[in-house]
Every structure is written in structure tokens, then in C-alpha cells.
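Let's walk through this one with a few quick questions. Here is what we're looking at.

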Amino acid sequence: MSATPVLALRGVSKRFGAVQALTDVELEVHAGEVVALVGDNGAGKSTLVKTIAGVHPIDEGAIEWGGKPVSISRPHDAQALGIATVYQDLALCDNIDVVGNLFLGRELQKFGVLDEVEMERRARELLTTLSIRIPSVRIPIASLSGGQRQTVAIARSMLGDPKLVILDEPTAALGVEQTAQVLDLVERLRERGHAVILISHNMADVKAVADKVAVLRLGRNNGVFEVKTTSQEEIISAITGATDNAVTRRAARTNGEVSK
Amino acid sequence: MSVDKTSANVDKTPEPGKHTPVVNPEAASAAVTAVDPRLLVREQGLLGYWTEFKRKMKAGELGSLPVILGLAIICIIFQVLNSEFLSAQNISNITVTMVGTGMISVGIVFVLLLGEIDLSVGSVSGAASALAAVLTVNQGWPEWLAVLVAIAAGAAIGALHGFFFAVLGAPAFAVTLAGLLFWLGFMLKVLGEDGTINLDSDGLIGKLTTYTFTDLAAAYGLAAVVVVLFFVSSFLGNRRREAAGVPSRPLSDTVLRTVLLAVVSFAAAYMYNQYKGLPLATVIFLAFLVGTDFLLRRTSYGRKIFALGGSVEASRRAGINVTAVRISVFGISGGFAAIGGLFLASKIASANQSAGTGDLLMNAIAAAVIGGTSLFGGRGRTWNALLGVLVIVSIQYGLQLESIAEPVKYMITAAVLLTTVVIDSVTRKTQKTAGRA
């Protein structure tokens, strides 16, 4: 792991009218590292991701890219730096085939005509290196399963060879098998040296693939944990802000019922 | 005709060992060794076509099949009623008459691909023909210049509608409804008191629908050129695919398609030569169809139109300039409306107050839908306009031969349109369950 983080947020704050969405947030992501960003609904995860992706420019603080301060005020700035974001709603066109979706907005052309052969070749190559298995690259997205669509959306973000990939709840709507496929893919991104920020509500997923867990609570940092040395309970208490909360009470109650 | 080429040429096994080297050989070998077992691979040869065809029918991927079947039924019924229907003269007249409405319908296909509607095309076509007539006859401009100005005006009018829709966010339905009224008024004002301007039937606009290439070689030559071009481009395309190691069609496949195309084009050429020869209008229409089909399916601009019809949000995030594409598509629709208007004016050798009114707008939209363009955006080809307008004009001519009155004509056309929309809705349901919608 390199000494300089790929991306570092220093004291980032963001306000929306009367709401202080983020306050003095710090975050570091290194190359070849998966950082899980967790927190309850309204904790500021999505806002934080959107500041990095350039959707909402920050009000205070600094963003450092490879150790140098940068300003990200538009989505285009983030893309130019090498930040790729896969949003929860995937943003794929159902009526266009896999190759078309992968290259949407950056089609390869030859004399002003789409170079379908080269696009198909590169699409197959990309899907092969990521070990993504879909029936055919020439069927419309509509005929793929939810997990396959998610992998196509992630593969699409890889085309520009980004340094940092942000995944917003990639497993939220997926079944067991498809979740495993997406998690495999996240690991492959790490192996290839990409930095990954993974937003997830699912603790099992976080424990399975993340190296570090950054917890947000009410728009503030509430601890960064090494996944290997931290228990799930510790993370949950950091998310909810207390050891006594609905989750632990429920756990205690069900344990009590079992012992009866 | 419009067989779904993309799905036809992908349902093939990739040849093992023909792949380009990849970074991660372990993962690569795992993915390449076998084709996904869930994928239905088409077998080679004619039997493969048959099984593939049966599967598509079950999955509701009817494509242009209903309209081709419908066309065949229409031909058989009218031929039985009157043996004149399939005469060279009648077919030749049908294919010339359909060009005006067909051109307008091509523009409608573009707008429908966005999932929008343009109700102004009838009025815009009338306004453009009136403008061209006033400029040539009253102002004494050369005809070619008047034609260019009329088409440019149509495109500008369409782009103006597009501006209200794309930039100001007004619903396209309402904007183009306003356009329908405004440009109708504009046309009546331009035509002035007497309301009819006769065009020189030997002039450029007049010749659009009357000129025919009487030389026998013209029709056969065009057919031969089309067939050779088709074969060479498919053959070279397949060679490139093979060289790049992506799935390609076998040679027998290309030959079969070429033979089918050759039969259709030489039959058409023979038919035209039985009457007056190859009509100029038909040649222009075919050229526009080939051109727009190329634009939609082979250029990045066309890909953007399909993307917008699929998901506006996805297109915006992919960096597509949504506003510009929308305005340009409405501009294309207006431009084709103007071209159609010129052909319609040529047919009656005048611009009059009834131009662009009546059932023209509805026929143009119906033609696109009957041909198989989806009303919900993202699915369709400009060839759909040809098939649809062939159906509509064939019915008109057939009923005319039988001397059946106007009211019945409307009712029959309505029944055909309703049938098509019902088929579209039912197959859409089937496609949903088969995961193709």
C-alpha cells in the first residue's frame, strides 16, 4: 500500500440551506484498498460520495488527489481526475445491448462511423479480465438479471481506467449468488490496484471485502476501523452511536429467548 | 427485410483460441473456455434459422413479421376482388403516391424513438409546400432554391418546437399541437386570397413524382448495384469480425440474405419496367431510407437517439447533450415533413389550402406504428415507415379500385391501426415475461 493516499478529504463540510449535511469529515483511500463507507440513513454517505463525484461541490475543507489539493466542482472534473462512480440506479439503457451500454457516450469511431467490431472486441476483453460472465455481449440489457446489470455497470466504470471507483450500494437489490459475484468483482478491482469506496448497509458484505470501515454518524466521522481487528458489534455501535440501541436490545432479547 | 440483425449475429459460439491476450490469464481462461450454458446458441444452417424463428415467435419478438403478413393478406384480398390490384401500373402508382406520407413518417420515426410525438408535421408539410410555391410562382425564385429554402424552413420550424420542448420543458404533445394550429394559419396566410397556387408540372417540384427512368437498364442496374453493395459490405464486415476474433456470420448466411435481397429487388425492377420504368420518387425515398437507417444504427448520433429513448438519465450521465439531441431530432422531423409536403404538392401539381390537413398527420403516425416502431421510445427503424405506409396506401388504392367510399376507407385504416397497436401491446407483454422488453 502506498504512503500517499489516492484520495484524501480534509475537514470537508457541506450545507444545504439550514441543514449541515457534512461537518469536518476526514477520509483517506489508498490504491489497492477497499474502504467501506457505512452509516445510518441520513448519516451523509450519499452526500459525501456526491461531493467526491462533483455533483455537490464542498463548502469548506480540501480534497487532495495523490497528495495535491484539487477542486472538484463538476462531475466532469471528477471524471478527468480518474474517479468513476456507479450509482445505485445503474443508469443503463434497457433497449441497447451490452457493448452499446459499455461504450455509451464514448463510442469508438472510424471515419465518423461506429466501430462495432473494435468495441465488441474490447468489451469482451474487459468482461473477460474482470471474469464477468454474461450470456452474450449483444443482447439488450433488459434480458440480463439484476446482478448481471450491476456487473455491467461496474465494468462500464472501468473503461476509462479510473484510479478510484465509488460503488453506491452495489448489492442492495441482489440475491445470494449475485451478491457473491459482485463482491468477487470488487476484490478483482482491488487486485488490479484500483482504490474502491463501497457504500453498503450490509455488514456481511463489508466484513467480506473491505479493508477499512469508515463510519459516518449525523454528518460527522465516527471512527475508522480495520476490518480484520474489529467485531461487527463495534461497527454497529459506531453507526448507531451507542452500545445500547435497538439492534443490541433485540440481540439480547432473542438470546434470552433461546436460553429459556 | 428488417430481421433483427444484432441478435442474429451474436447467438454464435466464439471460437476458442481466437481471443486476444488478456492481462489476467487465469480469469480469462475460466471465462473463455465455454460459452455461457444459458445462452441459446443458434445452430448452423437452415434448421438453425427455423429453431431460432420458433423461439423468437414464442418470446414475442415478432419484429416486422405481423406487418409483412398483413401486407400479404391485403394483397391477396384485393387481388381476388380485382385482378388489377397487383398490376404493374397499380403497384407503380402505389409506390409513387406513398412517398409523400412516407417521408413525413420517416421524421415521425425519429421522434417516436425519443418516446415523444410530433403533431405538427401535417401543418409543417403544408406550410413548406405553400412557401415553395409562393417563392417560385409569385416571387420568381429558381425552383431548386425554393425547394432548399422550404426544407430548411421545415427543419427550422421543427427545431423551434424542439427548443420549447427541450429547453423550456413544455410537453412535446402540447408544443406540437400549438405548432399544428400555428403553421396551418401560416400556410393559409401565405397562400393568400385565392388559396391555390398551381405549380409548373414540368418544373423540378412537378417532376418529383412524374419523372421515371424509362431506360430498362436503370431499374435493373440499380437492383444490381444494391445487391452487389450489400454482399460486398456484409462480406468485408464479416472478414473484419473474424480477424478481430469476435463472432461472425458464416458465408452461407450472407449468401442466403443476398439471394433474398436480389429476388426482391429484381422482381421490383421487372415490375417497374412493365409499366413506365423506375420512378424518381421511389429512388429518392429508398435513398433517404438507406441514409437514415445508416445514421440511426451506425453513427454515434443515432446511438444517442436510441439511448435517449431508453433512459434519459443514463444518457445524461454518459455525457450526452440531451438538449441538443432533442432539438435536432425535432428539426429532422420538421425537415422530413417539408420534404413530404413537396412530394404531396408535386402529386397534385399545386399548393392549396387543404395541403397538410385531413388524415395526413394520422396516416404518417399510423404508418410508423404499423411498421413496428414502438410508441414508448427506443425501438424502431426508419424502414418501418416504408412498410407501414405501403400498408396504408395499398388499402386506399384497393378500396378505390372497388369504388368504396371515403367513410369506409377511414374505418378500415382505423381497424388496421388498432390491430397493430393491439399486437404491439400483446407482444410487449410476452416480451416482458421473456425478458426482452
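Q: How many residues of domain 1 of chain A are in contact with domain 2 of chain A, and with how many there?
A: This is a predicted model, where local features need pLDDT of at least 70, side-chain atom pairs count only at pLDDT 80 or more, and totals for chains, interfaces and linings use all residues. Residues are numbered from 1 along each chain as its sequence is written, while chains are lettered from A and ligands numbered from 1 in the order in which they are written. Domain 1 covers 7-82 + 163-259 and domain 2 covers 96-161, with bounds from an automatic or database domain assignment. Counting a contact when C-beta atoms, placed from the backbone, lie within 7 Å, the tally is 11 residues of domain 1 with 10 of domain 2.

Q: Which element gives the largest share of the side of domain 1 of chain A that touches domain 2 of chain A?
A: Helices (H or I, at least four residues) and strands (E, at least two) are DSSP runs, numbered from the N terminus. Two of them give two or more residues to that side: β9 (164-168) and α6 (176-191) of chain A. The largest share, 5 residues, comes from α6(A).

Q: Which residues have the most contacts inside the largest nonpolar core?
A: Such a core is a set of buried Ala, Val, Leu, Ile, Met, Phe, Trp, Tyr and Cys residues joined through C-beta atoms within 7 Å; buried means 20 or more other C-beta atoms within 10 Å of a residue's own. The largest one has 162 residues. The ones with the most contacts inside it are L37(A), V186(A), L198(A), A132(B) and L342(B).

Q: Why is helix α16 (residues 360-370) of chain B described as largely enclosed?
A: Among its buried residues are L360(B), N363(B) and I370(B). The helix is largely enclosed by the rest of the structure because the buried count is 10 of the 11 residues.

Q: Which residue takes a positive phi in the hairpin of β1(A) and β2(A)?
A: Strands pair if DSSP finds at least two bridges between them, and β1(A) pairs with β2 (residues 19-29) of chain A in the antiparallel sense over 7 bridges. One bridge sets A8(A) against E28(A) in β2(A). With 2 residues between the strands, the hairpin has a positive phi near 60° at G17(A).

How values were computed
Contact = placed C-beta atoms within 7 Å. Buried ≥ 20, exposed ≤ 12 C-beta atoms within 10 Å, placed from the backbone.
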